[in-house]
Amino acid sequence: MADGARSLLGGSRSSSPLSSPLLGRGGKSRSLPTQSSSSRQQRQQQTPPASPKQPSPQQAAAASRGSAPGHGFKRVTLTKPTFCHYCTDFIWGLAGYLCEVCNFMSHEKCLKHVKIPCSCVAPSLVRVPVAHCLGSSGHYKKKFCAVCRKQLESPAFRCEVCELYVHTDCAPFACSDCRRCHEDGHQDHDTYHHHWREGNLPSGARCKICKKTCGSSEVLSGMRCEWCGITAHAACYVIVPPECTFGRLRNMILPPNCVRLFSRNFSKMHCFRISESLQTETDDDDDDVDSSMQVSLKESQVSTESSKQTLKIYDGNDAVKRNQYRLIMVPRIAKNDEVVEAALRAYYINDDHQDYELQTFTQQALFCDDIINRNHASEEVHSGSVFREAVPEAWIIRAKPRDNEVIKIYPGWLKVGMACVSIRVNKESTTQMVIEEVLPLLGYQQLETPHNFRLVEVLMGSKQVQRMVLDDHELILGRFQDIRKTSIRQMNQTRFYIVENNVSTVRVHLFVGGLPPHLSTEEYTNILKDELTIRTNLVSVSHVYSSQGAVVLEISCFSEAERLYMLAKDTTVNDKTLTAVVLPEVLSAKLPQNCCPLLVFVNPKSGGLKGRDLLYSFRKLLNPHQVFELTNGGPLPGFHMFSQIPNFRILVCGGDGTVGWVLGALEEIRHRLVCSEPSVAIVPLGTGNDLGRVLRWGAGYSGEDPYSILISVDEANNVLMDRWTILLDAQEAIESPENGVLEPEPPKIVQMNNYCGLGIDAELSLDFHHAREEEPDKFNSRYLQPNFQLIHP
């Protein structure tokens with residue numbers, strides 16, 4: 001018997017370019033028109049002149065346009081208690097100012113101070129588009145939607161990486177402004193700025209600047225950096241220094257600029273290894289939600305008011321194909337301009353309504369200005385007043401044809417200081433002509449050949465950012481028209497970037513487990529050729545873990561990596577299903593000197609499924625790439641990812657069996673780690689938790705703040721614990737199945753902690769384990785487990 005020591009953490013009993021897009025410091029500032037010119041004149045005639053000391057409602061709303069980016073404020077009468085979204089104070093009186101697009105409510109005195117942009121202009125303020133990781137819908141109490149700013153009373157989505165909450169109906173309109181947790185070859189920078197997220201702050205949040213309470217349980221208000229965690233008022237966060245230092249957990253966070261992942265064809269679920277058994281993805285396109293759910297939610301909001309009419313509005317051919325529409329309510333007698341304005345507001349578009357028109361499914365042009373006349377009175381049909389036939393309830397909003405247009409070209413990937421350049425294109429403008437015109441505006445000399453650059457179309461969807469390189473001879477104006485026909489919303493979320501034709505090597509690392517153990521590299525390659533039909537010119541085996549039956553593939557083609565990932569999950573070898581995990585590459589040479597990243601393993605099935613909540617919390621507090629779910633490939637993918645880091649620590653969230661599993665895997669792979677003896681901390685999630693109690697981490701997890709847990713891990717002291725390596729020899733020879741000759745059984749090596757049970761207690765523990773596997777719901781209490789073990793036969 002050989003003995004050794006393992007260093008564990010004992011619990012203490014005292015216990016840039018990547019800044020947020022929603023900075024609100026600039027951007028287009030205009031208000032969506034809400035009334036026709038004739039009706040506005042009538043209201044002005046009926047409104048008495050205002051006092052010289054008191055501005056009129058129209059003047060107050062107009063004065064706010066210079067400071068409130070994109071909002072269209074309208075004076076409204078309040079019928080219930082309402083709070084201001086800017087100062088969070090109660091609005092006294094019967095009047096307030098409401099943005100007709102995003103529902104931002106404000107005092108009259110606060111209008112000129114509003115800096116939070118409207119949802120209709122938020123996509124244009126995104127600096128680096130990063131898609132969100134939206135899981136399955138759920139019910140979230142006292143949370144607010146980031147798009148419509150209303151409370152989440154119906155099922156909603158939440159991002160698994162940042163603090164974004166949206167209604168299922170609002171998800172397609174969410175900005176692709178998630179945290180950027182790795183480099184992917186586009187707009188990579190070493191300096192990180194604060195990544196601000198509005199609202200849904202803790203009740204005790206205090207402003208970093210004025211030290212006053214900045215959170216609110218009544219409205220979406222207050223700002224929080226999703227890296228360092230500082231909070232501030234909407235009026236105070238603009239003066240916070242832009243550089244982010246990652247806060248108190250800076251030494252435990254894996255810096256995003258030290259992680260590289262080529263993830264063009266992989267969803268965020270795959271990149272962050274979020275189990276599909278815990279989070280159900282939708283089957284349709286990246287921004288689509290379930291049609292039946294969307295329709296039921298919309299129709300439940302239909303008003304029964306007889307003076308108004310409800311219309312279905314589609315934003316393009318794709319919405320018609322999927323039967324995904326938005327409902328608007330307009331008066332039964334309404335002008336065409338008013339309905340077009342309402343349709344644009346429903347899709348969070350702040351363009352001029354005169355550039356759009358409404359079309360039916362059967363006709364391609366409008367007969368007149370009036371949309372609706374359902375008084376059922378026999379009227380003479382006058383040209384330009386009503387339709388010549390029955391008015392349908394469903395319409396498609398279309399962009400009017402244009403002979404020329406001004407487009408914005410973003411040179412962000414070239415790492416220059418200019419945000420974007422605007423040029424005018426016509427029907428003859430091609431991609432090559434646009435590049436030739438843009439380069440001098442960016443400061444490039446005529447010596448630079450345009451063939452060294454390309455134009456990339458980027459669709460900034462809420463769930464996936466899609467990039468497509470445009471052909472040099474493609475007509476830009478025609479491309480615009482095709483996108484608008486498909487979806488007006490997609491046009492609002494589409495950008496064009498000019499990039500250099502740098503030859504970059506694609507390297508996707510794919511971990512494949514579940515293979516037969518103790519084979520050679522050549523044998524593993526042959527198995528993968530037979531089962532997955534890998535292409536040896538694109539795929540190579542970079543690492544082999546023979547004792548665990550796993551390999552790491554290095555793939556030089558995005559499409560081949562995606563094919564192998566999807567195929568491996570449905571492949572079995574020797575009646576064992578393969579596991580596939582996309583792994584990022586850690587650039588250890590770029591790690592800060594005092595950085596000691598924390599490798600987190602969580603068993604979501606431990607402790608009555610409490611591990612799921614910890615998974616979500618640790619992904620928010622740390623870099624989600626350093627948080628691993630043990631039911632998805634075990635601990636080996638995490639150890640491989642951290643193998644080149646010179647100094648790191650481990651946090652295991654689970655019971656004693658989970659801790660033993662991780663420590664056993666560490667013993668087998670420690671000779672491949674640069675940091676061969678990392679310290680291990682424990683969050684006891686099991687029902688026994690003897691090891692956690694001995695190391696002073698407590699008898700079990702009872703809902704403590706995850707941030708406090710990480711602080712305790714950072715402040716914990718190292719203690720040594722004995723780990724035994726036991727060699728078990730067979731006493732009797734066994735008959736070989738090949739030649740029938742008696743051969744000695746090979747020795748078995750196991751690792752154990754310094755306490756063990758022999759005899760009847762071991763048998764009872766084994767029986768209890770089998771019973772808990774069959775019926776886990778009956779064995780989730782840490783207080784009743786000892787009794788179960790005593791009475792179990």
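At what angle do H12 and helix H16 pack, and how far apart are their axes? In this predicted model, the two helices meet at an angle of about 65 degrees, and their axes lie 10 Å apart. Angles of 65 to 115 degrees count as roughly perpendicular, so that is the label that goes to H12 and H16. As for handedness, the crossing of H12 and H16 is right-handed. On the H12 side, the contact is made by Leu-614, Ser-617, Phe-618 and Leu-621; H16, which spans residues 706-715, brings in Pro-706, Tyr-707, Ile-709 and Leu-710. Sorted by class, the contact comes out as 7 nonpolar residues and 1 polar one, with no charged residues.

H12 itself, running over residues 611-621, is mostly covered, with 9 of its 11 residues buried. The buried set takes in Leu-614, Ser-617, Phe-618 and Leu-621, and these residues also make the H12 side of the contact with H16.

Moving on to the strands, 3 of them form an open sheet in the order E2-E3-E4, with antiparallel pairing. The edges are taken by E2 (73-77) and E4 (105-106), each of which pairs on one side only. Strands of a sheet pair through backbone hydrogen bonds. E3 covers residues 95-99 and is joined to E4 by 2 bridges, the two strands running antiparallel. Tyr-97 has Ser-106 in E4 as its bridge partner.

Two loop residues stand out for their backbone angles. Arg-149 sits in the loop between E4 and strand E5 (156-158), and its phi is near 65 degrees, a positive value in a residue other than glycine. Lys-211, in the loop between strand E7 (196-198) and strand E8 (223-225), likewise has a positive phi near 65 degrees without being a glycine. Buried or exposed: how do Arg-149 and Lys-211 count? Buried means under 20% relative accessible area, so Arg-149, at 6% relative accessibility, falls in the buried class. The exposed class begins over 50%, and Lys-211 counts as exposed because its relative accessibility is 53%.

Conventions:
Residues are numbered from 1 along each chain as its sequence is written. This is a predicted model: local features need pLDDT of at least 70, side-chain atom pairs count only at pLDDT 80 or more; totals for chains, interfaces and linings use all residues. Side-chain values use heavy atoms; hydrogens and water are left out. Two strands pair if DSSP finds at least two bridges between them. Helices (H or I, at least four residues) and strands (E, at least two) are DSSP runs, numbered from the N terminus. Buried means under 20% relative accessible area, exposed over 50%, partly exposed in between (1.4 Å probe, protein chains only). Axes are lines fitted to C-alpha atoms, for helices over the stretch in contact, and angles run from 0 to 180 degrees between N-to-C directions. Angles under 35 degrees count as roughly parallel, over 145 as roughly antiparallel, 65 to 115 as roughly perpendicular and the rest as oblique. A crossing is left-handed if the near helix is turned anticlockwise from the far one by less than a right angle, and right-handed if clockwise. Contact means heavy atoms within 4.5 Å. Ala, Val, Leu, Ile, Met, Phe, Trp, Tyr, Cys and Pro count as nonpolar, Asp, Glu, Lys and Arg as charged, and the others, Gly among them, as polar.
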